[in-house]
There are 2 protein chains.
Amino acid sequence: METVGRLAGVSQVTVSRALSDPSKVSPATLAKIHEAIAQTGFVPNALAGALASSKSMLISALVPSITNIVYSSMVKAFSEEMRREGYEILLSETGFNAEEEEKLIAAHLSRRPDAMFLTGIHHSAQARRMLLAAEIPVAEVWDITDSPIDFCVGFNHAETGRAAADFARRKSYPQVGVVSAGDERARRRSEAFLRQWHRSGEGASVSMLFDAPATLANGRAGFRGLLDKGFTGGLVHCSSDLLAHGVIIEAQSRGLDVPGRIAVLGFGDQPFADAVEPRITTVRVDMAAFGRAAAQSMLARLGGDRTGPPVIDLGFEIVEREST
Amino acid sequence: METVGRLAGVSQVTVSRALSDPSKVSPATLAKIHEAIAQTGFVPNALAGALASSKSMLISALVPSITNIVYSSMVKAFSEEMRREGYEILLSETGFNAEEEEKLIAAHLSRRPDAMFLTGIHHSAQARRMLLAAEIPVAEVWDITDSPIDFCVGFNHAETGRAAADFARRKSYPQVGVVSAGDERARRRSEAFLRQWHRSGEGASVSMLFDAPATLANGRAGFRGLLDKGFTGGLVHCSSDLLAHGVIIEAQSRGLDVPGRIAVLGFGDQPFADAVEPRITTVRVDMAAFGRAAAQSMLARLGGDRTGPPVIDLGFEIVEREST
DNA sequence: CTGTTAGCGCATTCAT
DNA sequence: ATGAATGCGCTAACAG
């Protein structure tokens, strides 16, 4: 800025002002400054700016996995909203691991983000302490709790399981199967489904709980497992659309009619759910809406408005299609 | 650090050293310092550190879309390698837009990243200029060129199209169809495929070029389009496995046998390609390997070793399965 | 092994 | 509308 200023015949401060608030500089000098910037190829140093102003315009975001469309589409919507206001996103993967998350939170906090986006509501005690001490807005997204660190936006996972069980009862399936991926929230949905199923009537249940991510291949393997364990027909509750699709493919390849013999319920309403044969009945949750709501609430807090609600429940909806 | 130092009975510098190079501090004072850190909940300010040392330990990464598994899995592998060495990733989406990319490059450079990861080899002149002026390692990934900004790691897209056409000739398909998404590299693969097809023999070709991302739904629509345009049977070359899967679903739902009547060739060897019915023949490119190779080469450069090759061609391979 | 002294490049006062 | 002075929190020499 010093150099640019000399070239434009002004001081360093004036260059700073020209960049941060042009209205405070006369049009004439503004023009000279811009010309000098173009000549020198000057790129402002945001590190120095952040250090001086205590505003990094950086938002830290932690997700379990960036290759999982559920999380990446939340982050996508979130960062689009935040970038519109000039914020940049520092993104890292925790790999569904609380210890890793704690380390990452420490690493991210050292870069002095203006706010933080976390996935889920379970964090280590130390992580909570650091976050509280940082005194910045913290969004916990994709789940809800009565005691968020700052605020949370999501839906009740167990409730989707119960709703699915009620759905299965309404449709009078004789028995149910469960195929679930390894993450804690998927497990919570599946367990709530089973509990509600058994609480509400007769009929066996068979489960295949993976300790692995949701993939098509696991969906197929899961369905084979259900058959091995004696599943003869009814509704298969899957913790993800990807698993549901795998179940359908495996059932079809064995000549088992979907939904005649095997009905399949997915989760997530991912784009392909509506494009396969048969189209997948699923629990729809609007991933992008979570990201947008988190951004909106975060921006309000960054603007000094701390009156927003601590819990934002965006709900879910069972979309009935042809797989049930 | 001042406060921590006072608590531990040492000066601020000693605290700094204890954190950056513990071997330079005696075990006794090291213990005292760590205790003081625990008591105060001190979190070092990486902004100040970066400003003072001109090393931000930040790597800037730009991808067209984070929800696209192709790019997210490259970035995943890349960031895992970089994080192991203490680097953090500042990630943004360009949306396949060169202007947007240019703005993002400027924004990212202002945070003084130690290196930059870009997708593809086409960047605006201004972007190239800024990158060159920044004098940092720059990886251009997912494509290759003889004149990278710094170094590139990828494969020859046109070559995959030619290889696919040769494959179609070897298998003696009577005609070919093309379903392609809107991005420039997909287009390059498809065009090379068509050129080679026509150059190497007889047989009609029909194309459906979308101006949209690759989705299952577009795959289905694409195949309907091919039929409308008179495609009667042969190989369908798809610019992505997702499109290929859509083509298969649409063909099957119309009672057209795959691969008997319609053969389908995908691109990417995404995990599901091997898990659907029939399993998809595809052009395999190892996304994670690109990320790892980029990280490896970048780390070498960050370590001062500038002898690495400017062009790293990791190639591709046609994996024949049941859809052809 | 530890401390002193100088900046890093800006934004933020307070002047004028 | 512009400038001078000061400090953000840390690292990098240089001493001792």
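**Exercise 1.** Which side chain has an N or O atom 2.5 Å from a phosphate oxygen of DNA strand D?

*Solution.* Start with the conventions. This is a predicted model, where local features need pLDDT of at least 70, side-chain atom pairs count only at pLDDT 80 or more, and totals for chains, interfaces and linings use all residues. Side-chain values use heavy atoms, without hydrogens and water, residues are numbered from 1 along each chain as its sequence is written, and chains are lettered from A and ligands numbered from 1 in the order in which they are written.

Now the contact. The side chain is that of A:T14. A polar contact is a pair of N or O atoms within 3.5 Å; within protein, one must be able to donate a hydrogen and the other to accept it, and residues adjacent in sequence count only if both atoms are side-chain atoms.

**Exercise 2.** Describe the surroundings of DNA strand D.

*Solution.* 
- Step 1: count. DNA strand D is surrounded by 22 residues, and the closest are A:T14, A:R17, A:T29, B:Q12 and B:S16. Near means that a heavy atom of the residue lies within 4 Å of the strand.
- Step 2: Of the atoms of DNA strand D within 4 Å of the protein, 61% are sugar and phosphate.
- Step 3: find backbone contacts. B:M1 places a backbone N or O atom 3.3 Å from a phosphate oxygen of DNA strand D.
- Step 4: assign elements. α4(B) contributes the most to this surface, four residues. Helices are DSSP runs (H or I, at least four residues), numbered from the N terminus.

**Exercise 3.** Which residues are closest to DNA strand C, and which backbone atoms reach its phosphates and bases?

*Solution.* 
- Step 1: list the closest. Among the 22 residues around DNA strand C, these are A:S16, B:V13, B:T14, B:R17 and B:S26.
- Step 2: check phosphates. A polar backbone atom of B:S11 is 3.0 Å from a phosphate oxygen of DNA strand C. For A:N45, the distance from a polar backbone atom to a phosphate oxygen is 3.3 Å.
- Step 3: check bases. A backbone N or O atom of A:A48 lies 3.3 Å from a base nitrogen of DNA strand C.
- Step 4: assign elements. α2 and α4 of chain A, with α2 and α4 of chain B, each give two or more residues to the surface near DNA strand C. The largest share, four residues, comes from α4(A).
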